[in-house]
Amino acid sequence: MTPAECEQRMGDLLRLLAPHEGYTQSRLNGVRFLRCNQPVARTPVLYEPSIVIVCQGSKRGYLDGQVYLYDSQHYLVLSVPLPFSSETDATAKQPMLAVSIRLDMTLVAELLISLAEEGPPVPALAPLVGIVSTPLDHYLQQVTLRLLEALASPLEAKVLAPAIVREMHFRVLLGEQGSVIRSALSLQGHFGRIARALRRIHAHYAQPLNVGGLAHDADLSVAAFHNHFKALTRTTPIQYIKSIRLHQARLMMIRDRQTAAAAAARVGYESPSQFSREFKRFFGRSPAEEARCMAELFALLPATQETDVGQMMRVQF
């Protein structure tokens, strides 16, 4: 099958697997489908560590003056949870169709052991970086197609899809940016220390957090922690904490129908007015306007129904 035929087949499958605009959970945990039927202007988003492959349409991510293209020719890899901004090119006739695979570090570690024993050389460790855009080669395109075909069948999704996801990790690990994932595994050095700080922020974002405490836990001076944190996330620790709280508050307003004041309190804001000011500065709309627009854009279902709104908003368009 030629690359063009493979691309067409993947688009056809995703139209069936993701029939509705927004996010759709696949039959396999950790794999999600994304669909957008209209262009979406540049907006703040939050992605979990993942491999994102766009099979039709295109998206651009923006972070610290850099542009990351992911389309039918390029895929995105995120080694840490990362807030940035993105925009989408799509139409009703040519929707943006993509698949997101959660990065499984346990699986990556197993693969690295096998590669060290008898596989081809793996790329050297990369500098600190949390996001990369990489050309999609023929091998990974074929693996993605086989994954979509397996997920279209309940039996194949159960029996074959996990092995195909393993192969996808293998292909990405040996690819041009495989060193980024290797770096994410490092439990020593600055990457591991900053990664642990990120996990603490995500687990305890509603509690008081300060740079001094995070730096102490990472066994770094405040200046060193700040520099290494910004190298990885392209933002400062304070701005990262603020963005996580604002994203979580937006999710609560949409998923749980919380008021702005209630959501603000739940994510750690003592002043509702300060929350509203920072929310509007970050998202470009007031909390009420943003919740209404996002609900209309993604045609959200109640959280009790099949679509997992929380995950959709975290891996958001």
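I started at leucine 160, which sits in the loop between helix H4 (154-159) and helix H5 (161-174). Helices here are DSSP runs of H or I with at least four residues, strands are E runs of at least two, and both are numbered from the N terminus. I'm working on a predicted model, where local features need pLDDT of at least 70, side-chain atom pairs count only at pLDDT 80 or more, and totals for chains, interfaces and linings use all residues. Residues are numbered from 1 along each chain as its sequence is written, and side-chain values use heavy atoms, with hydrogens and water left out.

Buried or exposed, or in between? Leucine 160 is partly exposed at 41% relative accessible area (buried is under 20%, exposed over 50%, partly exposed in between, with a 1.4 Å probe and protein chains only).

**Cysteines**

I looked for disulfides (two cysteine sulfur atoms within 2.5 Å) and got zero. For cysteine 55, the closest cysteine sulfur is in cysteine 6, 8.2 Å away, so that is too far for a bond. Cysteine 55 is buried at 2%, and cysteine 36 is buried at 1%.

**Salt bridges**

Next I searched the whole structure for salt bridges and found 14. The criterion is a side-chain nitrogen of Lys or Arg within 4 Å of a carboxyl oxygen of Asp or Glu.

Arginine 60 is in strand S5 (residues 58-63) and aspartate 89 in strand S8 (residues 82-89), so the pair ties together parts 29 residues apart in sequence. Aspartate 89 is partly exposed at 33%. Arg60 and Asp89 also belong to a salt-bridge network with Glu87.

Then I checked aspartate 256 and arginine 266, whose closest N and O atoms are 3.6 Å apart. Aspartate 256 is in the loop between helix H10 (237-255) and helix H11 (260-266), while arginine 266 is in helix H11, ten residues apart. Both count as partly exposed: aspartate 256 at 29%, arginine 266 at 39%.

Last one: which residue forms a salt bridge with glutamate 290? I found arginine 285, with the closest N and O atoms 2.9 Å apart. Glutamate 290 is buried at 0%, whereas arginine 285 is partly exposed at 29%.
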